[in-house]
Amino acid sequence: MIRFPRGGQRFFGPLLLLGALFAAHAQSPKDANFLSTLGELREATYSGKAGIVERLGQSGHPSVRAVLTALLEERLYYRNSDQKVFIAKSADSDPLNLIDPLSLKNSGSAPAANLTQIGTNNALRRVVRMAVARFGLSSPSASVRLDAAREMLKSLDDPTVALLRERLGVERNSSVRKEIATGLALAALDSPDTKTRLAAISTLKGGLSQDVRNRLALLLDKSSDGAFIEKDENVRRAAASAVAAIDRWRTFYSGFQTLFFGLSLGSVLVLIAIGLAITFGVMGVINMAHGELMMLGAYTTYAVQLAMPGHTGISILLAIPAAFIVSGLTGIAMERTIIRHLYGRPLETLLATFGVSLILQQSVRSIFTALNRSVITPDWMSGSLRLNDAIEITYNRLYVVIFTLLVFSLILAVLKRTRVGLDIRAVSQNRAMAKAMGIRTDWVDAMTFGLGSGIAGVAGVALSQLTNVGPNLGQSYIIDSFMVVVFGGVGNLWGSLIGGMSMGIVNELLEPYAGAVLAKIFVLVALILFIQARPRGLFPQAGRAAEDK
Amino acid sequence: MKKAPVRDKRLDLRDLTVIFDGFKALNKLSLYVDPGELLCIIGPNGAGKTTMMDVITGKTRPDSGTAWFGSEIDLLRLTEPEIVNAGIGRKFQKPTVFEQLTVFENLELALAGGRSFYRTLRARITPAQQNRIDDVLEIIGLTKQRTLLARTLSHGQKQWLEIGMLLMQNPELLLVDEPVAGMTPHEIERTAELLLSLEGEHSIVVVEHDMHFVRSIARRVTVLHEGRVIAEGDMDKVQKDARVKEVYLGE
Amino acid sequence: MVRFGNSIAGRDRGGAWFLGILTLIAIAVPVLNILVPPSSTFHLSAYGIALIGKYLCYGMLALALDLIWGFCGILSLGHAAFFALGGYAMGMYLMREIGPRGVYGNPILPDFMVFLNWKSLPWFWHGFNHFLFAAAMVVAVPALLALVFGWFAFRSRVTGVYFSIITQALTYALMLAFFRNNMGFGGNNGFTDFKDILGFDLHSDGTHAVLLVITAVALGASYLACRAIVDSRAGRVIRAIRDAESRTRFLGYPVESFKLWLFVFSGIIAGIAGALYVPQIGIINPSEFAPINSIEAVIWVAVGGRGTLYGAIAGAVLVNYAKTYLTGAFPEVWLYALGALFVLVTRYLPRGIIGLLPSKDKVVPKAALLGESHEESARSRQAARS
Ligand SMILES: Nc1ncnc2c1ncn2[C@@H]1O[C@H](COP(=O)(O)OP(=O)(O)OP(=O)(O)O)[C@@H](O)[C@H]1O
Ligand SMILES: [Mg+2]
C-alpha cells in the first residue's frame, strides 16, 4: 500500500524569524536591563523565576518571545565560564549550537558540558506559557496573535480568561476575535449561571475544533454516582446538539480531506500511468522497468540536491528537467537496444524490460547502497495549509496534485499541438500507413519511449517529496499503476487521469475501514469485476486495430 | 421477446444497425438467404460487408435489429462457438489458418465432432473421418502438403486450406469473405467450381470484389453501400442500376 | 491407424531423455546418500538432497507454466501463488503434526497462535491434522483459485499482457494478505520448525531421500500428463488458440473453457510442486507469493525453451543451479545476471537452450517466434487486390 508521511514538521516557529527582524538594534539601556533580568534566572528559585519571567514579559523586549519559548522547551543555558545566557538551537545536540539572546543571531557552538541548563518545573512552565501568550497576543502580526490565542485555549484558567477578555476589547482581526470568543465561551461553561452556559454553548456551536467538541461532550457525562455532571437539562440538550453539529461538520470536512488525500495519492499514480499509457498506447509495450525509471528520477533529485547543498528549493526545480533527461535517455537506450527487436511480441518485451528493471535496481544498490535516502523538502513545500479547524492540507501533497495536472496538460498539449505529437498519434493509429507516408517510425518509437520514460523520471521527482528514495521505490508503485492503466483503458491519457485519481480516492476511502491490505485486495477484486463489464477499461481504444492481437 | 419471422429463410437479417463511435457501419441492413441459395454480396470498401458477417457469427453485437438462422435460432443470443455449432461456418477476409499446425491438423480441428475440452482430450480420428480429411485434401489440392506446417503455405494455398476447413465443418450456411483475393486465375476458376458444387446442399454467402468471379457464380447479387442494401437482383440488373454505378464510379 | 497428429512433436525423444535422467536421479540420490559412507567424496549430504529436491519442485512449477504459456500463450505472472498455496496447505498439516512438541506445548494450537493469544483453532485449520485431507487441499485450493480467477479473467476475454498484469496483482495481493497476522497463517514468519511427516522424522536423511524420490515420481507423472494433453486433439486446439484465438472460436471451440481447464490443471501441478517443496525445505512464508518469484519461474521456462515441457524443467534446474552458485559466491552479481538473462534470452534465444540442440523435436519453429508475418500477409493481400 502506498503511504505518505502525513504532514511535514517545522522546527523553528515564526518566532525566531520575527525576533531576527529586530536584531539590528544595538545594545540600548533597554537591552542592558533585559540582559540583567535574564541573568537573574541563573540563581533564582522556581518561584523567584516566576517573578523574573513576569518582569521579562513586561519589558516588551523583542527577544522575549524567543527567550521564553527556549525556557519553556528547556533550551536556555548559561555558560559556566562567564555566566552568559544563551539559547540553544536544540537541546539534543552536542556541541550545542548557541544563539545570542539579544540579537538572536548564531553565536557559535560549545560542548554541552560547558553549559548549564536553566531548569523549570510545571508551575513555572505554566507561568512562562502565559507570559509567552500574553506577549503573543499583543504582537503586531495577526497570525502570531492567532497562534497565541489557540495556544491559550489549551490551558484556560482565571488569569488567561482575564487576559483574553482584555484583548477582546482591542482585537480587530476577526479570526483572532473568534478564537478569543471561543476561549471565553469555553471558560463560561464553568459559570454557575445557566444562561451564561447556554450562551456559551451557542457561541461554541459553530466551531470545528476537536478540543471544543470534547469539552462540550464532557457536559453530557455522568459522574461516578450516576448523576449528570451538568445539572440543567436545557444546557445538556443544547450541548448535545452542539456536539452533534460539530461532529457533522467535522465528518463533512474530513470527507473532504480524505478526498484530497485520495487525489494526491492518485496524482502519483497518474504521473506514473501517463508514461505507461504513452509507451503502451503507441508501441504496445508494457514496460516493466517503468517503476525503475521513476526510481532513477528520484535518485536524480537526490543527486542534484547533493551537488548543490543549501539550495534545496532550486535543486528541486532543476531536478525536474534533469530527471526527465536521465530517465528519458535511459528509456531511449532501452528502446534502441532491446525493445526495438521485440516489436510485436508484447509478452517477450514484458520479460525483457523486467530484466532491465532488475539491472537498474541492482545498479542503484551498487552506487547508492541499499539504504533509503531522504530528499530534503524545500521550505515552501513543507508545512501545511490550514483551511479551518478540521482541514489541514500539507503543502507537499498540494504541490504534487498541481504538478500532476501541469504535467498532464503539458503532455496533452505536446501530443495534440506539436509535430512530434502528430507523428506519435499517427504511428499509434496505423503504423504501416504512417510509415508509408514517410514518418520515420523508428525515430518516433524512440521519441515516444523517451517521452514516456522521461515522464516516469519526473514522477520520481514528485515522489521523492513524499517518501524516502530507495532501490525498491519503483516496485512499490508499479503494480498499482498497472491497475490504473488496465482500469483507465490502455493507451488513453484521460483514462490514466481518471483511473489514477479514482484509484487513489477509493484507496483512501477504504483504508480507514478495511486497512491497507484489505483495501488493496478489494481494489483488485473490484477491478476484476469491472473488466467483466468493460474488458478494455474506461476508455477503450477504438477500431479494428485494437482487436487484432 | 423478439418474434421469429414468419418467412422461412435460411438466414434472415432485419434492420441491423452497428455503430462504431457514432459511425454507422451497418445502417438498418435487411437481407435474407434462401435455403440452398448462393448469394453474392458486393460493395465498395467499408460498405459493411465484413461487419455484417461479424454480426452473423457473433463477433460483433448489433445496436439494434434481429438476426435469425432458420425460424428457430436467434443468432443474437448465442456465443460464437454456439453459432458455429448451430451450423454456420466462416472464411475470414484475412486468411487465418493455424500457422503452427500442419495442414492435416488444421483440417482435423475443423472436423465435426465434440468440441469440449474433455471430448477433445479423448478424441481419436475414426477411419471415416480419416477418409473425409483425405477427400477434402484432394479437393483443395493440398494432399502433398498434408504434413507441412500451415505457415509454409503460399497465400493462395492458405485460402484453400481455409475453404477446406469450411468443408470439414460441413455447415448449413457458409459465409465466405473474399475467397479469391491473392489467387491465380486458374485457382479462381477452381474456387468458382467448388462453390457452385456446394450450392443447393448448402446456403452460401460470398463477399467478393472480383467482378469476373462474381459474375461467374452469381444468381442473385446484393449491393451494399454505407451499411445498407442499395440494389439487388441478377448481375446484369445490378450493374445497370444507376445508384450502383454512381457508388462505384464515384470511388 | 496412422496418426498424423503427432507429426510435429515427433516421437518424444527429449521427453525420453528427460524421464531417463529423472529415473537416474531417483535411484542415485538415495544410493549416494545411504549406501556411500559420509567420508567418501561421492556421499550426498542432506543439504544436497534438499537442493536437488528443490530443483525438481521448481521444475514442476516450470512445467506447469510451460503448459499454459508455451502451448496456449497464456503468460501467468502469478503462478508462484499456486505453488505457495499448495505449500501452505502442506505446511498447515506439518504444523498440526508438531502437536504438543511446540515451544508452548499446546497440543492443538500451533505456536504462533498461542503467541497471538488465540484461544481456539480458526475454522479453516480443522481437518489439517489428517494427511489425506491436507493432500486434498493441496490440490483443491489452487484449483479453486485458478477456477474462480480464470473464470472471471477468461470470460471477459482478458488476454495477453492484461492477463499477465492481473495475475501479478493477484499474487501481490495474496502476499500482502498472508503477511497479516490475523489471517491465521503465521504472518511474516509463515510456518517452520516442522518435526515429522506421517510420523517420519523430517530431520533424517532417509525421509529426505524418500521425499526426493516421491518428488521425482510426481514430476515424471506430471510430465506424462502434460505430454498426453499436449499430444491429444485438445492439445492441438490449445496451440490453435495460442496462434489464432478468435479463429479457433469460429471453429466452434469454447476457447474460454479450454483456457480455464488448462489453467486449473496447471495451477494444480504448481500446487503439488509447492506441497512437495515445503517438507524438503522446511519453511514456507509469504515471500513465496512475491511477484518476482513468478517472473523468475517464467524465465526458467524461457531459458529452457518453451513449448517443449522438458525444456522448461531443464531451464528451472539450470537457472536455479546458477542462482545457488552465484548467490553464494558473488551475491551482488546475481540480480545483474538474472536481469541479463531476461534480456538476452528473449532477445537472442527465443527457443531457449533446447533450441540450440540439433533435434527434430522443435515444436515451435523459430520464425514463428520472431514476430510473425501477419503484416506480411496483409500486405500481399493489399497488393493482390489493387
Ligand atoms: N471494430 C471496429 N471499430 C471501428 N470501426 C470499425 C470496426 N470494424 C469496422 N469498422 C468500420 O466499419 C466500416 C465497415 O467495415 P467493413 O470491414 O465491414 O467493410 P467491408 O465492406 O468489409 O470493406 P472491405 O471491402 O474493405 O473489406 C469501415 O469503415 C470500418 O472502418
Ligand atoms: Mg471486408
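A:Glu348 and C:Arg306 join their side chains in a salt bridge, 2.4 Å from N to O. This is a predicted model, and across the interface of chain C and chain A the rule finds one salt bridge. Polar contacts there come to seven residue pairs, with both partners at pLDDT 80 or more.

Which helices does chain C bring to this side? At least two residues each come from α5 (131-155), α6 (160-179), α11 (291-304) and α13 (333-348) of chain C. Of these, α6(C) gives the most, with 13 residues. Sorted by class, the side of chain C that touches chain A has 30 nonpolar, nine polar and six charged residues.

Now for the area. Chain C and chain A bury about 4000 Å² between them, and carbon and sulfur atoms carry 75% of that. On the chain C side, C:Tyr162, C:Ile165 and C:Tyr336 supply 16% of the area buried against chain A, more than any other three residues.

| Interface | Residues in contact | Buried area | Share on carbon and sulfur |
|---|---|---|---|
| Chain C and chain A | 45 of chain C, 42 of chain A | about 4000 Å² | 75% |
| Chain C and chain B | 40 of chain C, 45 of chain B | about 4100 Å² | 63% |

The largest share, nine residues, comes from α8(C). By class, the side of chain C that touches chain B has 21 nonpolar, eight polar and eleven charged residues.

Finally, a look inside chain A. How do helices α15 (residues 395-417) and α16 (residues 419-429) of chain A cross? Their axes come within 5 Å and cross at roughly 80 degrees, so α15(A) is roughly perpendicular to α16(A). From α15(A), A:Val414, A:Leu415, A:Lys416 and A:Arg417 meet A:Arg419, A:Gly421, A:Leu422, A:Ile424 and A:Arg425 of α16(A). That contact has four nonpolar, one polar and four charged residues.

Key: Residues numbered from 1 in each chain as written. Chains lettered and ligands numbered in written order. Predicted model: local features only at pLDDT ≥ 70, side-chain atom pairs only at ≥ 80, totals over all residues. Heavy atoms only, no water. Contact = heavy atoms within 4.5 Å. Buried area = accessible area lost by both parts, 1.4 Å probe. Helix = DSSP H or I, 4+ residues; strand = E, 2+ residues; numbered from the N terminus. Nonpolar A, V, L, I, M, F, W, Y, C, P; charged D, E, K, R; others polar. Axes fitted to C-alpha atoms, helices over the stretch in contact; angles between N-to-C directions. Parallel < 35°, antiparallel > 145°, perpendicular 65-115°, else oblique. Salt bridge = Lys/Arg side-chain N within 4 Å of Asp/Glu carboxyl O. Polar contact = N/O pair within 3.5 Å; in protein donor to acceptor, adjacent residues only side chain to side chain.
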